[in-house]
Structures are given as C-alpha cells and as structure tokens.
Amino acid sequence: MPAAQTLSELDELRRDAWNAFQASAAPLKTSEFWRRVDFARWKLEELRPDSVCNATTPSKIDRGAAAGALRQAPAFPDAAVDLDPALAAKGVVFTSLEKAFRDHPNLVKPALMRCAGPDLAKLEAANAALWKGGAFLYVPNGVLVEKPFDVAFLGGAKHSFPRLVAVVGDGAEATVIEDHSEAADLSTAFGRLKVGRGARLNYFYNQGLPKTATHFWNQRIDLAQDAHLRHTSILLGGALHKSNVHVELLGAGARSELFGVVFGSARQFFDTTTWQMHRASRSQSDLLFKAALKDRARSVYTGMIRVEKDALGCDAFQQNNNLLLSDTARADTTPVLEILTDQVRCKHGATMGPVSREELFYLACRGLDPKEAAKQLVMGFFEPILAQVPLERLKEELPGRVERGLE
Amino acid sequence: MTATKVAKASEIAPGQMRIVEASGERIAICNVGGTFYAIEDLCSHDDGPLGEGNLKGEQVECPRHGARFDVKSGAAVRMPAIAPVRTFPVRVEGGDVVVEVE
C-alpha cells in the first residue's frame with residue numbers, strides 16, 4: 001500500500017476516535033473506578049482536534065549503554081531514535097508508532113483497537129484521537145536483547161497523549177523502560193504490550209512528573225503460552241496519578257509478576273488499579289505493590305484477580321504494603337477476587353501502618369538518630385525494587401529522589 | 001489560613017447541607033438550627049461524599065455505609081467510621097458564609 005494512503009487511514013482512525021470522544025459522556029462519579037478521583041482534573045473539555053501543539057523533539061540522541069533510545073515530544077510525528085545497528089540487522093524495529101503504522105501495519109493496527117470499558121472510554125478516545133508520534137518496539141521471534149530499550153515521552157505542550165506499543169515475538173527477550181518524567185502537565189498515556197509464546201519481557205514504568213502534574217496511564221498486556229512478564233511501576237511524581245494496568249494471561253503457563261512502588265508527600269494522590277486475569281490453565285501471577293506516604297499524601301490501590309472456570313491449576317498472589325509516615329497520610333486497599341474454578345491457589349494480603357517502633361529502636365541503639373533511622377527504613381522498604389532498574393541514569397536518580405522527599 | 005466566601009447564608013436552610021469548594025478542599029456546609037458548621041466532604045471510612053448524605057441534628061450521616069460524624073468536632077460517632085473528619089472554622093459575614101482553610 002502506498003505510504004500516503006496508509007497515512008490517511010491513520011487520520012481516519014483519529015477522526016473516528018475524535019467523534020467517539022465527543023459523543024461519549026464523562027464517567028459517572030458513582031462508578032467505583034472514578035469515585036475518589038475527579039475526572040474533570042484532566043480538563044478534557046478544553047481539547048480541540050488540533051490542541052496538542054508541536055513541541056521540539058531532540059534532533060539526535062545517544063543510546064549510551066542501552067540497546068536503543070527513543071525520545072518523543074507530544075505532537076511530533078517522528079521520534080528521535082538511536083538503535084543498535086546490530087539489532088536493526090536482526091529485524092528489531094524501534095521507531096515512532098506513526099512510522100510503524102506505515103511500515104508494519106499488520107503489527108500496529110491490532111494494537112490501536114479501542115477496547116477499554118465505559119469507565120475509560122472517553123480518555124481512550126481522547127488519546128486515540130490526539131496521540132501523535134508515539135513509540136513502537138518489535139523484537140522478532142527468537143531474538144534475545146539483553147540491554148534495555150530506553151523510551152521517554154517529553155513535554156512542551158499543556159496536554160499530551162503518549163502511546164507505546166511493544167510486541168515481543170515468540171521465544172524473544174527484551175527489557176523496556178518507559179519514562180514519563182518530562183511529560184506535559186496534563187497527560188493521558190495508553191499502552192499495549194504483547195508477549196509471544198515462551199517470550200520474556202522485563203518492563204519498567206517511571207512516573208517522576210513535577211508535583212503539579214495530572215497523569216493518567218492505562219496499559220493492556222497480553223501474555224501468550226509460557227510468556228513471562230516482569231513489570232515494575234515506579235510512581236513518585238504528579239499531584240494526581242491514576243493508572244490501570246490490565247494483564248491478560250491468555251496462554252497456558254503464562255506468568256506475570258507485577259511490582260509497584262509509590263512514594264508520596266505533600267498532597268500527592270495515587271490511585272492505582274491492577275488486573276490479573278487468568279484465562280488459561282497453569283498460569284501464574286504475582287503482585288507486590290509498596291507505598292510510603294508522608295504529609296497528607298494518599299494511595300488507593302485496587303487489585304482484581306480473576307480465574308476463569310476452565311483455567312485449571314493457576315497460582316495467583318497479591319500483596320499491598322503501605323508505610324504511613326505521618327498521621328495525616330492515608331492508604332486504602334481493595335483486593336477483589338473472582339475465582340470461578342476450584343483447582344486454584346490464590347492468596348492476597350495487605351498491611352498498613354507506621355514505621356516499626358522496634359526497628360526504629362534497634363537502629364537508634366546502633367547510634368542513628370530517629371530521623372535518620374526512619375529514612376534508612378523507608379529506603380530499605382524500596383531498595384529491592386529500585387535496585388532492579390537496569391538504566392544507569394535512573395538507577396542513580398531514583399533513590400536520591402525518595403531520599404530528598406523524606407527530608 | 002485563607003478565608004473564602006462560599007455561599008449566601010440564606011441559600012442553606014436549617015437542616016440542610018451544601019457542598020462547596022475552598023482552597024482546593026471539598027467542604028460540606030451544614031446549617032444546624034441556624035448555626036453553620038463546615039466539615040470535610042469525605043467520609044474517613046471509605047471516601048463517601050458526606051455532603052450528599054443527611055444531616056440528622058448535629059450529626060451528618062454518610063450516604064454509603066451510614067457512618068455518622070459530629071459536625072461540630074468532626075468526631076466519628078457511629079461505625080463503620082472510626083477516624084474523625086476535618087472541620088473548618090466558619091462564620092457568617094454580611095449574609096455570606098465564610099469558611100477558613102489552612
């Protein structure tokens with residue numbers, strides 16, 4: 001198909017989405033998903049089809065020690081990309097989603113289908129209508145990539161609609177970091193990850209926005225037979241963060257590990273939802289979400305585990321731990337389990353409370369003053385997850401950010 | 001402290017409540033027999049909208065699970081809430097309800 005014709009097809013999809021956006025109502029406050037967060041904070045009513053203006057994408061970037069690096073400004077059709085030529089030779093595609101739509105429509109089109117439910121439909125339509133550029137990664141069957149792909153969405157506009165699609169082929173392996181630390185003040189990100197048979201994806205999401213930002217993130221992940229997902233969300237920024245991570249364990253023996261850390265201070269509000277959907281037998285899922293909150297920060301975590309009737313021998317686990325560092329910080333946790341089969345092992349648990357007095361006492365005995373001791377305990381609470389980040393620029397920055405927040 | 005005019009006193013009849021916003025806080029203004037009180041519009045049990053519930057004497061009842069709070073002190077007086085909600089100083093100035101938020 002000639003390029004021009006395919007492009008107009010994308011414009012058509014955007015026009016349809018814009019019409020759907022205008023025709024759809026804002027979600028009701030009475031819906032459980034929007035009960036605690038004011039939908040009006042995203043100011044969608046001020047959007048126009050052309051309201052995401054052009055911002056500058058760096059003309060050149062250096063991938064450093066990574067397998068590839070990609071930077072994408074809000075309304076720029078082409079991303080700045082630096083991909084290891086040896087990987088390009090093996091068929092790895094790492095480019096803007098817009099370019100990938102032209103060059104690899106079979107891989108990209110299915111990932112652009114709108115599929116979110118009524119609570120998310122309006123945000124999804126807004127993103128589908130207004131995303132520009134985007135990011136796309138394809139790792140062909142059997143290709144193993146050890147080094148990470150470093151993706152960052154940039155700001156420069158009031159609204160931004162980032163979109164990342166990553167497809168990891170059968171038996172392939174990849175590590176992806178999606179960074180939203182410099183995105184716009186009002187951002188609505190949608191993502192799709194697809195992990196093939198026996199493939200592995202190690203994925204990190206870093207949200208380190210300024211404390212004035214309002215951020216929404218929806219991600220849908222499909223895992224094929226024996227696929228293995230390791231997924232880490234690092235949520236430190238924004239005034240308001242709302243996210244919805246939906247994992248579909250579609251193939252037998254698929255495995256999903258979700259990790260999350262939240263550190264909130266001042267009046268930051270984090271509302272996170274996860275879905276571990278076991279659609280096939282012998283699938284395994286594990287989840288550990290940890291939040292530390294000071295001042296009047298809040299975390300609301302909702303986690304759904306569903307095991308279908310004919311999904312036998314599944315194993316599902318969910319754990320949410322919250323450290324409250326002030327009397328006015330607050331954490332809420334809502335586990336939801338829908339188990340339709342009886343051959344299953346499923347557990348969930350949640351804790352919340354202040355830093356342990358015994359641990360504080362022990363550290364004080366070692367000569368640490370109580371403030372320093374509390375800081376050490378919070379750092380220790382996060383350390384196991386932050387230490388996993390495979391990108392030097394973040395590895396150094398993240399612990400420092402938490403530490404500064406504690407002071 | 002920021003003082004904000006949030007309503008005309010005459011608009012909220014005795015026994016009635018109104019939800020207002022001041023300094024980024026959602027606040028329920030309650031008229032108890034002609035005296036005004038202001039409490040956080042957020043149930044401490046499950047984030048229910050207190051201002052959409054009923055004012056029963058000096059107590060407000062959450063529409064979600066029936067928890068009750070004393071509008072004067074914010075104290076939780078009936079399960080399932082156990083933690084208090086915040087209260088705000090409120091006064092009537094020239095017919096306007098003025099609420100003070102930190």
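In chain B of this predicted model, Ile19(B) sits across from Ala28(B), which belongs to strand E3(B). The two strands concerned are E2 (residues 17–22) and E3 (residues 25–32) of chain B, which run antiparallel and are joined by six bridges. Together E2(B) and E3(B) make a hairpin with two residues between them. One residue of the turn, Ser23(B), has a positive phi of about 50°.

Chain B also holds an open sheet of three strands, in the order E1-E11-E10, with antiparallel pairing. At its edges are strand E1 (2–8) and strand E10 (90–93) of chain B, each pairing on one side only. From one strand to the next, the twist averages 35°. Within this sheet, E10(B) and strand E11 (residues 96–101) of chain B pair in the antiparallel sense through four bridges. Glu93(B) has Asp96(B) in E11(B) as its bridge partner.

Two backbone details are worth a look in the viewer. Most residues other than glycine have a negative phi, and most peptide bonds are trans. In chain B, the peptide bond between Met79(B) and Pro80(B) is cis, with omega of about 5°. Pro80(B) lies in the loop that runs between strand E8 (76–78) and strand E9 (87–88) of chain B. In chain A, Asp226(A) is a residue other than glycine with a positive phi, near 55°. Asp226(A) is located in the loop between strand E11 (214–223) and strand E12 of chain A.

Strand E14 (residues 255–264) and strand E16 (residues 284–293) of chain A give an example of parallel pairing, with 10 bridges between them. In this pair, Phe263(A) stands opposite Ala292(A) of E16(A).

Two packed helices are described by the angle between their axes and the distance between the axes. For helix H6 (residues 357–365) of chain A and H7(A), the angle is about 120° and the axes are 9 Å apart. H6(A) is therefore oblique to H7(A). The crossing of this pair is right-handed. From H6(A), the residues Glu359(A), Leu360(A), Leu363(A) and Ala364(A) meet Pro370(A), Ala373(A), Ala374(A), Gln376(A) and Leu377(A) of H7(A). Sorted by class, the contact of H6(A) with H7(A) contains seven nonpolar, one polar and one charged residues.

H7(A) contributes Lys375(A), Val378(A), Met379(A), Phe382(A) and Leu386(A) to the contact, while H8(A) contributes Leu398(A), Pro399(A), Val402(A), Glu403(A) and Leu406(A). These residues divide into eight nonpolar, no polar and two charged.

On the scale of domains, chain A is divided into domain 1 (3–251) and domain 2 (356–407). Their C-alpha centres lie 31 Å apart. Domain 1 of chain A gives 12 residues to the contact, and domain 2 of chain A gives 10 residues. On the side of domain 1 that touches domain 2, strand E5 (144–154), strand E8 (173–182), strand E10 (200–207) and E12 of chain A each supply at least two residues. By class, this side of domain 1 of chain A is made up of seven nonpolar, four polar and one charged residues.

Notes: Residues are numbered from 1 along each chain as its sequence is written. Chains are lettered from A and ligands numbered from 1 in the order in which they are written. This is a predicted model: local features need pLDDT of at least 70, side-chain atom pairs count only at pLDDT 80 or more; totals for chains, interfaces and linings use all residues. Two strands pair if DSSP finds at least two bridges between them. Domain bounds come from an automatic or database domain assignment. Two residues are in contact if their C-beta atoms, placed from the backbone, lie within 7 Å. Ala, Val, Leu, Ile, Met, Phe, Trp, Tyr, Cys and Pro count as nonpolar, Asp, Glu, Lys and Arg as charged, and the others, Gly among them, as polar. Axes are lines fitted to C-alpha atoms, for helices over the stretch in contact, and angles run from 0 to 180 degrees between N-to-C directions. Angles under 35 degrees count as roughly parallel, over 145 as roughly antiparallel, 65 to 115 as roughly perpendicular and the rest as oblique. A crossing is left-handed if the near helix is turned anticlockwise from the far one by less than a right angle, and right-handed if clockwise.
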